[in-house]
Amino acid sequence: MYQYQDEGLMPSEYNIHSHPETHKRKTTSEKKMRIGQEGTHKKRKAKSKKGKGKHHPHPHPPHPYPPPPPPPVFCEGDNQLKAFISGIFGSNYLPPPNGYVCTTFFSGDSNDMDIFVDMAGLEPACSLENTRPSGCAVQIKNISECTANTASAENFFNTTDDPFLFARYSTFKTDVAKDRVFVPGGNGFTLAQNEGKAVVIYGKAGAGIACGLLTNF
């Protein structure tokens, strides 16, 4: 073992890296290579710092069918049927309306029906004064599916006159309808007979724009 104090030698003289046989000078090409590698590393580091903190989300196109609103809380009675309403198949009305229709069946001598329309995405300025056939109307159809032919299907009633000829909703100046449509005398059928039937929402021109099936869920 070397004793630095006894021989008066500095520790650096016994460093293997400073030994003349083991320490070789770097050539000019090696120095250039080292400088080039350091420069590339600095560029990559600067580039990573430049883009750090930025978020580039992948662009996703908006879904054509907006999510439905929550069902009306009050539509939970035993004498009520609900229907989730969405854009009718084959309709060119965009974006498609969505929402709920809640029908209440009153027992007794009157057999009245109450239809509550809770929807968004409808045509603005739909009113009860609309005189076009099926203009701004809500009708129960004698069919149990929502297809391109549902809007032209016959109304579901067992009374002398069609009770849905004047069953209209209003949206005023917005595209939202929270309207109660009263059908005196109902359609002549019970709640159980109306279950599963299609409900069609019509626009101002009388074209079917949305549909749903009455269910007891």
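Okay, let me start with a term: when I say nonpolar core, I mean a set of buried Ala, Val, Leu, Ile, Met, Phe, Trp, Tyr and Cys residues joined through side-chain atoms within 4.5 Å. And keep in mind that what we have up here is a predicted model.

So, with that term in hand, how many residues does the largest nonpolar core have? It has 27, and the ones with the most contacts inside it are I85, I115, V117, V138, Y169 and I201. The biggest giver is β3, with four. There's another core lying apart from this one, made of eight residues, including I88, A137, A198 and V200.

Let me step back to the whole chain for a second. We've got three helices and seven strands, and going from the N terminus the order is α-α-β-β-β-β-β-α-β-β. Of the 217 residues, 33% are buried. If you take the contacts with a separation of 6 or more, 66% of them are between residues 24 or more positions apart.

Okay, aromatics. You describe a pair of rings by how far apart the centres are and by the angle of the planes. This structure has two such pairs.

Pair number one is F84 with Y100: the centres are 5.6 Å apart and the planes sit at 55°, so we call it tilted. F84 is in strand β1 and Y100 is in strand β2, so this pair ties together parts 16 residues apart in sequence. Buried or partly exposed, what are these two? F84 is partly exposed, at 33% relative accessible area, while Y100 comes in at 10% and counts as buried.

The other pair is F156 with F189, and this one is stacked, with 4.0 Å centre to centre and 10° between the planes. Here F156 is in the loop between β4 and β5, and F189 is in the loop between β5 and α3 (191–194), so the parts being tied together are 33 residues apart in sequence. F156 is buried, at 8% relative accessibility, and F189 is partly exposed, at 23%.

One last thing about F156. Which residue lies over the face of its ring? That's K197, at 4.7 Å from the ring centre.

Conventions: Residues numbered from 1 in each chain as written. Predicted model: local features only at pLDDT ≥ 70, side-chain atom pairs only at ≥ 80, totals over all residues. Heavy atoms only, no water. Buried < 20%, exposed > 50% of the residue type's maximum accessible area, 1.4 Å probe, protein only. Helix = DSSP H or I, 4+ residues; strand = E, 2+ residues; numbered from the N terminus. Phe/Tyr/Trp six-rings, centres within 6.5 Å; stacked < 30°, edge-to-face > 60°. Lys NZ or Arg CZ within 6 Å of the ring centre and 35° of its normal. Contact = heavy atoms within 4.5 Å.
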